[in-house]
Amino acid sequence: MNFYFRLQFRLLNRQIKDFGLHPLWGWLLGAAGFVLLSWLLFSKTGMAIYLYLFACISWLLQLSNRSRTNFLRITFPQGSLRRIRLVENAVVAAPFVLFLLFKQSFIEALLLIPAALLLSFIDHAPRIGTTIPTPFGKRPFEFLTGFRQLLLLITATYLLEGIGIFVDNFNLCLFAQAALFLMICSFYTKPEPLFYVWNFAYSPAGFLKEKIKTAIWHTSILTLLPLAALLIAYPEKWWLAGGIQLLGYAYIIQIILVKYVAYPGEIQLVQLLIFAASIFFPPLLLGLIPFFYSRSVNRLAIYLS
Amino acid sequence: MIQITSLSKSFGNQVVLKNISATFNTGGVYGIVGENGAGKTTLFNCIAGIEAHEGQITAHHTPLKNHLGFLQTEPFFFSKITGAEYLKLLCRARHKPVVQPEQKNIFELPLNQYATTYSTGMKKKLALMAILMQENDYFILDEPFNGVDIQSNLLITAIIQKLKALGKTILISSHIFSTLHETCDEIYLLQNGSFTKRVLRADFDLLEQEMKQVFIGNKIEQLALK
């Protein structure tokens, strides 16, 4: 069992190294990022506690993934399997519990501990057997797979925006809209296998144009409902809602280009930091989008003619 | 036709393909055999343009990659993509309309289910269906019979024969010699990164005998099974 955890630690360190960081820096930045995001969430909305618990439980359910738990079951004796699952869930829940204690949410923190341990007894995360219908079938694949994977979270942002309108909190609505755009950006953060790019009978520029066109169209479909609700509820703030929408499009275009700059490798830390910088200082987009465009065209020229 | 001239490929210091030359004619079916690690998949990746290489690969239809259907040994599928959506994705990639996939579903695949829930054989059949629907002129079939049931093996053999009749150029690798025997016009033996033998259909039996002698030899005795 000890070897299993040492191995997991080593694998995580390798992932951090592949990301271009020394493992120590990776752990420090990861911890700082977690605290920063938690703090941001709690400073933006009174619903943060529910979102926080939801995020923790979603993560714990990921550990109950069927193929993963099947592997553990055929590899370890029953006793070791239980201990492994308990320790894993405790490790994942620990930072959430600590932050909740820091925020003096004692009841929630104390409830999360037994909940996390109990979830370790679920060996198969609920799997939706039927195919989830989507409006994105005509142009697979990022929105198809992303929408189905993040359906619960997308629904949560819709609900959050609804709550924002109901309690007349415009900032909460904007937060939900921004969260939705971040989720859409996440559809494009993982490089697809080379086979899928190779298959396209497009020039690099044509390929990127097609990707961007599809992304904008599908983003419009996914954000239409919350945007319309926002415009109806706050018609006088149309410029702010519209501005966020346009910025969202720009960030999605940028993340597509960033993905193909590093392709077929993973997005590098430097590019991710530049992306993050553009969130804090949007005018950077004016220079970054053409820059990443020319870099990604060069990169794709290796695989597309 | 695909013409390969002086193709070489190395990964660092490791030479995987050494000065390979071959001509694969229109309407020809060519088997590529070799041990695991002989370089078959690297050769296919070079032909497909996925790997950079030394030497030249030319074809009548250019660019070759846009007219090539590549069935990989282990096709990858995104999670939560259905069979029908996968077909659509690959057809769209080649500007081909997806015409009645249900009607072309000769393997009777559950096209509305997620492809990741398919068995190994079903995944292979879905990937094969996709490259057939792309209406390619060239095909690389890397282990097309692997993990596929006997009935579908018969069907795949018939498909290859039909493609040959339609004048397509087909390269196949298989570890099951009988499948190559039935479909190929020529077999190339790839050893240590080079084609060491080119055998015409009339001599397939001889090649099989020779391979048995070379690759089995006294290895069973060496195992000292008890």
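In this predicted model, chain B holds an open sheet of 6 strands, laid out in the order E5-E6-E7-E3-E8-E9 with mixed pairing. E5 and E9 of chain B sit at the edges with a single partner strand each, so one side of each has no neighbour in the sheet. Going from one strand to the next, the twist averages 15°.

E6(B) and strand E7 (residues 169-173) of chain B run parallel and are joined by 5 bridges; here B:Phe139 stands opposite B:Ile170 of E7(B). Helix H4 of chain B packs on the sheet, where it touches strand E3 (29-33), E6 and E7 of chain B. The direction of H4(B) makes about 150° with that of E7(B). Over at the E9 end, strand E8 (residues 186-191) and strand E9 (residues 194-200) of chain B pair in the antiparallel sense, over 6 bridges. B:Leu190 has B:Phe195 in E9(B) as its bridge partner. The hairpin made by E8(B) and E9(B) has 2 residues between the strands, and B:Asn192 takes a positive phi there, near 50°.

Strand E1 (residues 2-11) of chain B pairs with E2(B) over 7 bridges in the antiparallel sense, and B:Gln3 is found opposite B:Thr23 of E2(B).

Most of H3(B) is covered, with 11 of its 14 residues buried. Among the buried ones are B:Leu126, B:Leu128, B:Met129 and B:Ile131, but the lysines B:Lys123, B:Lys124 and B:Lys125 are buried as well. The cover over the buried residues of H3(B) includes strand E5 (68-71), helix H2 (83-93), strand E6 (138-142) and helix H4 (150-165) of chain B. After H3(B) comes B:Glu135, which has a positive phi near 55°.

H2(B) and H3(B) pack at an angle of about 35°, and their axes are 9 Å apart. Their crossing is right-handed. H2(B) brings B:Gly83, B:Tyr86, B:Leu87, B:Leu90 and B:Cys91 to this contact, while H3(B) brings B:Leu126, B:Met129, B:Ala130 and B:Met133. Sorted by type, the residues of this contact come out as 8 nonpolar, 1 polar and no charged.

The loop between H2 and H3 of chain B contains B:Tyr118. This residue counts as partly exposed because it has 19 C-beta neighbours inside 10 Å, and being buried would take 20 or more. Leaving aside residues up to four places away in sequence, B:Tyr118 touches B:Lys123 and B:Leu126. Both of these H3(B) residues are buried, and B:Leu126 also takes part in the contact with H2(B).

As for the meeting of the two chains, 17 residues of chain A are in contact with 23 residues of chain B. On the side of chain A that touches chain B, helix H7 (142-149) and helix H10 (194-198) of chain A each supply at least two residues. H7(A) gives the most to that side, with 4 residues. The residues on this side of chain A divide into 9 nonpolar, 6 polar and 2 charged.

Methods: Residues numbered from 1 in each chain as written. Chains lettered and ligands numbered in written order. Predicted model: local features only at pLDDT ≥ 70, side-chain atom pairs only at ≥ 80, totals over all residues. Buried ≥ 20, exposed ≤ 12 C-beta atoms within 10 Å, placed from the backbone. Contact = placed C-beta atoms within 7 Å. Axes fitted to C-alpha atoms, helices over the stretch in contact; angles between N-to-C directions. Left-handed = near helix turned anticlockwise from the far one by under 90°. Nonpolar A, V, L, I, M, F, W, Y, C, P; charged D, E, K, R; others polar. Pairing = 2+ DSSP bridges.
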